[in-house]
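Please open the structure in a viewer and keep the selection tool at hand.

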Amino acid sequence: MPGSRFKGRFRGWAAALAAGALLAVLPVTAAGAQAAGKPDVPAPTVPTALGIRAAGGLLCSTDKAAPTVVGDPNPQLSATVHAAAGSTQPQHLRAHFDIQARQAPGKWTAAATELQPAAPVSATDGQVVTTLVTDPLAAGTLYRLAASTWSFTSDGTQHVASPRTSAAGGWCYFTVDPTGPLAPTVTIGAPYTACTADDCVAHGGPGVPGSFTFAPGEGDTGVVGYDYQLGFAAPTSVPGSPATVTLTPQNEGLVTLEVRAQDATGRSGAWTQVSFKVAPPASSVGRWHFSDGQPGDTSTAAADTATGPGDRHAAVLSGTGADWTALGRGGSIDGVSDEALTLDGSSGHATTDGQVIDPASSFAVSAWAFPADLAQDRTVLSQTGADGSGFTLGYAEADQAWRFSYAWTDGSGARQVAYAEAPAGGERVWTQLAGSYDSAAHTLTLYVNGLPQGTPTALPSTAAAQAASGELEFGRNTVPGSPVTYGGYWHGHLDEVQVWQRTLSAADALEDARLREPDRAWFDVAHVAAWNATGASGTTLADTTTGYGRTLTTEGGARLDGGALVLDGVDDAASTPGPVVDSSGSFTVSAVVQPDMSVIADKPDGWTAQVAGQSSADGSAWGVWFQLAGHSHTIDDDGNLISVPDTRWLVGRVADDGTFTGAQSNLTVWKPGTAATPVQVAGVFDAQDGTASVYIGGNNESTVPFTPVAGVGDLTVGKAYLNGSWGSYFPGSVSSLDLWTGAVDGDNQLSILIGG
């Protein structure tokens, strides 16, 4: 029976006892037994796992308004008995089952009692005891069931009883309806098999659909439909009998399917529970790291390194408009830069040497995309058959959205298209896109940076692309018509492409977006901005390190003094056109900062200034901030009581109303003699974990839940955009500022980045 039937239905022991006052029996404790001259037997513990066994499941509804329906008038009762806690005496336990029938509201009378195992056999601590009700129970009567553990003397003549289960967890309510639907039979089809007591072999995998057929219980008639629930998914109904459904488990491991029959009156019967085991996720059937060639070497194809079933398909670069770039999403590892595919937006593309996936079956695709511009429709990946059916993952300029579309030909021969989409971010930032098609559920799901975008898009049940399809295209799509033409050329970089012949679960999508480094226990990060003021002067500070070529331009009276960008906290700042990172994804920022405490000490408590950040429509998308948290009192060297400022670093965002969300560092108390020295401050925004972290000197001081906010504004140093104007100016100096796409995985990886 679905777990949801148990929620919130346990009643307090006092109310339960009051409801059964006509039959209340006080249990005999060991001490009470001795005082009454009875045997010195340790008082046992209340039984657990009480219920009625039916169709392979243990059923117990603690809500008398929704009792369990039992088809057998002689139901099988079950409970696990327990000895006294810590007892070392020999155990002679039995389960005492008590069934009461409701005669009128608030009035219950004894209907049946069972004591098992029958003497001279007894049970031991933790043993499951089952028994059938001896005399048939009446149909249409509301019954309730409780049990207690009885601990007997070694000769079996006397006992001590535990409290009843009803005193702690409530009664199990049920009715008998021999004419209602029986528990149905469930037949599991390929690739899954039902678990038995001796065999539970894993098959299929997350995203791999299976066939399940429901039929009436033996001899049952009048069944018109079924309710079923797979794992913790919401219950679903299917009409007809027998009925066959296709279900797609989303996680590996043991999965339980629960099914009950319905008759024409809407009456439901007992639940049947069957379990099957789902194998680990199937490997991708295509994977391209695009790390095979060097810039200018367009004759080298991108190897397909997937380990899943099927042939491997190398991706061949077009003769013009396609090349390799050292600006790969994997960043630099041990001084070696990762490569990516770079395309010119007019003719450049790459194509496999054959069909990679069957678009008529469940499949999923993912890629990291860096758009140089989004001035028109752009295609990341596509595969199209001769009839125009297939898929496209890319950008739709009219909606300014990322889009995963699916095309098929209907019965009249007309081409139909459905899609899932989400607002796109900015240009010149790395974004991870993934699309998943579920052929069983007939849905499309779009993921951006590992996160599902809205609810899945439903397709007609007849929607199915042609199984025979064309090559996998990187950076372009087929334009339907004759002769065949192409369009939607990608302008920018593509990297780390994967395709699966199965759906992506939410967990799969998150893990794929993390881009885990296989040889190390951390995630790949790409260095996308680096500004170091050492030796710099003038009004601009160029990034000469990463290859992305962004430049900070000073404003107000900000100056580069050869060692830092110096800011007065009034109108000094620097900026570069944004965005620099996709703020809806994971990224890391680090700055070496020295606050000017001669200016800050006189600010009011709560004053906050932004060191660096990127703006959004309603404030900052993210930022590194410095806050005067308050003042505390201390004694100076002359013994005088003085007030000193308390400050802290913040990593997160400030909304237009001034509300801050994010991580906070430990307080710094500026006692007399505290030196104002440069501080290494880092922020880690992990979109997959939903957290923000602040690091000081490479050490994590706080990690808190954080929801990313999209922001495509400029990246600024020394100021923030709030309430429609610039403010929150920071007084001090910034020696360096670095950003990486991707979240570092802890202190060690961060120390390597900022140390290198």
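Select F587 to begin. In this predicted model, F587 is found in strand β45, which covers residues 587-595. With a relative accessibility of 1%, F587 counts as buried. Display the residues around it, leaving aside those up to four places away in sequence: F587 touches V581, D582, W622, G683, V684, F685, W740, T741, G742 and A743. F587 and A79 are separated by 508 residues in sequence, and their C-alpha atoms lie 53 Å apart in space.

**The whole chain**

The C-alpha trace spans about 100 × 90 × 45 Å along its principal axes. The chain holds 5 helices and 57 strands. Of its 756 residues, 51% are buried. Consider next the contacts between residues at least 6 apart in sequence: 67% of these join residues at least 24 apart.

**Helix α3**

Return to a cartoon view and select residues 506-514, which form helix α3. Which residues of this helix are buried? They are D508, A509, D512, A513 and R514. To see what covers these buried residues, show the strands β26 (363-371), β31 (431-438), β32 (443-448), β38 (491-500) and β51 (679-686), which are included in the cover. Then step to L515, the residue that follows α3; its phi is positive, near 55°.

**Aromatic pairs**

Select the aromatic side chains next. How many aromatic pairs does a search of the whole structure find? The search finds 27. One of them is formed by Y192 and F276: the ring centres are 5.1 Å apart and the planes stand at 50°, so the pair is tilted. Y192 belongs to the loop between β11 (185-188) and β12 (202-203), whereas F276 is in strand β18 (residues 268-278), so the pair ties together parts that are 84 residues apart in sequence. Y192 is buried, at a relative accessible area of 1%, and F276 likewise counts as buried, at 0% relative accessibility.

Move on to F370 and Y548. This aromatic pair is also tilted, with 5.5 Å from centre to centre and 55° between the planes. F370 lies in strand β26 and Y548 in the loop between β40 (540-542) and β41 (551-555), so the contact links parts that are 178 residues apart in sequence. F370 is buried, with a relative accessible area of 5%; Y548, at 5% relative accessibility, counts as buried too.

**Disulfides**

Finally, display the cysteines. A search of the whole structure finds 2 disulfides. A disulfide is a covalent bond between the sulfur atoms of two cysteines.

Select C60 and C172, which are joined with an S to S distance of 2.0 Å. C60 is in the loop between β2 (57-59) and β3 (68-70), and C172 is in strand β10 (residues 172-176), so this pair ties together parts that are 112 residues apart in sequence. The torsion about its S-S bond is about -90°, so the disulfide is left-handed. Both C60 and C172 are buried.

Now select C195 and C200, which form a disulfide with their sulfur atoms 1.8 Å apart. Here the torsion about the S-S bond is about 40°, so the disulfide is right-handed. Are these two cysteines buried or partly exposed? C195 is partly exposed, with a relative accessible area of 21%, and C200 is partly exposed as well, at 31%.

The pairing then reads 1-2, 3-4.

Terms used:
Residues are numbered from 1 along each chain as its sequence is written. This is a predicted model: local features need pLDDT of at least 70, side-chain atom pairs count only at pLDDT 80 or more; totals for chains, interfaces and linings use all residues. Side-chain values use heavy atoms; hydrogens and water are left out. A disulfide is a pair of cysteine sulfur atoms within 2.5 Å. Helices (H or I, at least four residues) and strands (E, at least two) are DSSP runs, numbered from the N terminus. Buried means under 20% relative accessible area, exposed over 50%, partly exposed in between (1.4 Å probe, protein chains only). Contact means heavy atoms within 4.5 Å. Rings of Phe, Tyr and Trp (its six-membered ring) pair if their centres lie within 6.5 Å; planes under 30 degrees apart count as stacked, over 60 as edge-to-face and the rest as tilted.
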